[in-house]
Amino acid sequence: MSIRIGNNVLLLLLAILTWGLVACQPQAQRARHLSKEQEVDSTLLAHMQLNMRLSDAADRACSIAVEADSLPYTLDDYGFWYAKAITQAGEVLTVGQEVTLHIQISDLNGNLIVDTKSCFVVGAGDLPLAVTRSLKMMTMGEQMKIIAPWYTAYGVEGTQLIKPYTNLLIIVTIEG
């Protein structure tokens with residue numbers, strides 16, 4: 001019994017000494033031992049943490065915009081809000097169906113950025129996630145208001161007209 005306790009105490013002392021030697025090294029000396037992979041991992045981790053903070057801020061901004069509007073919005077599983085402004089009876093659009101869309105895009109302060117009418121194929125992948133998912137709930141002649149955080153809109157890259165990390169109000173009308 002005393003031998004086991006002695007071994008355990010010895011192991012504990014070795015662990016404390018080893019930790020003390022590692023912990024007492026100067027920061028610069030420890031940093032030199034990082035591999036390139038570890039440096040990349042820490043940079044990636046920092047970038048991910050930044051995006052998480054920006055996502056949380058986007059969610060708060062979008063929630064405030066939803067509360068300020070009189071329409072009854074629904075929160076999608078992917079984080080954007082949507083509400084039908086104009087409803088029509090009919091069959092829901094299907095993937096592969098070609099439609100003419102009138103799309104108005106504004107920032108959450110109401111500044112119009114884009115107002116366009118174009119033909120699109122439902123589910124083709126050329127529209128933001130928030131719009132693509134909303135189209136699958138719409139019929140011909142309907143209008144959907146979408147309050148989209150940047151990560152469901154144009155993301156970290158943006159477009160020529162829309163800045164990266166921009167939360168948007170997107171109004172989509174199916175015209176034909």
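The structure is a predicted model, in which local features need pLDDT of at least 70 and side-chain atom pairs count only at pLDDT 80 or more, while totals for chains, interfaces and linings use all residues. Residues are numbered from 1 along each chain as its sequence is written, and side-chain values use heavy atoms, with hydrogens and water left out.

The protein chain contains four helices and six strands. Both kinds of element are DSSP runs numbered from the N terminus, helices being H or I with at least four residues and strands being E with at least two. The chain has 176 residues, of which 32% count as buried; buried means under 20% relative accessible area, exposed means over 50%, and partly exposed lies in between, with a 1.4 Å probe and protein chains only. A contact means heavy atoms within 4.5 Å. Among the contacts of the chain with a separation of 6 or more, 65% come from residues 24 or more positions apart.

The six strands form an open sheet in the order β1-β2-β5-β6-β3-β4, with antiparallel pairing. Its edge strands, β1 (74-75) and β4 (112-121), each pair on one side only. Two strands are said to pair if DSSP finds at least two bridges between them. In general, the strands of a sheet pair through backbone hydrogen bonds, either parallel or antiparallel.

Individual pairs can now be followed across the sheet. Strand β3 (residues 98-107) is joined to β4 by nine bridges, and the two run antiparallel; within β4, Cys119 stands opposite Thr100. Seven bridges join β3 to β6, again antiparallel, and here Ser106 stands opposite Leu169 of β6. Strand β6 is also joined to β5, by six antiparallel bridges, with Met144 opposite Val172 of β6. Six of the seven residues of β6 are buried, and this strand is therefore described as mostly covered.

The largest pocket has a volume of about 150 Å³. On a 1 Å grid over the protein atoms alone, a pocket is an open set of points where a 1.4 Å probe fits, with protein on both sides within 12 Å along at least five of seven lines, and lining residues have an atom within 4 Å of a point. Grid points are joined across faces, edges and corners, and the volume is the space filled by probe spheres set on the points. Among the residues that line this pocket are Ile103, Val114, Phe120, Leu127 and Tyr154. The elements that give two or more residues to the lining are β3 and β4, and β4 gives the most, with three. The lining divides into ten nonpolar, two polar and no charged residues. Here Ala, Val, Leu, Ile, Met, Phe, Trp, Tyr, Cys and Pro count as nonpolar, Asp, Glu, Lys and Arg as charged, and the others, Gly among them, as polar.

The loop between β5 (143-148) and β6 (168-174) holds Thr166, and Tyr165 is found in the loop between β5 and β6 as well. Thr166 counts as buried because its relative accessible area is 17%, whereas Tyr165 counts as partly exposed because its relative accessibility is 29%. Tyr165 has a positive phi of about 60° although it is not a glycine. Most residues other than glycine have a negative phi. Leaving aside residues up to four places away in sequence, Thr166 touches Trp150 and Ala153.
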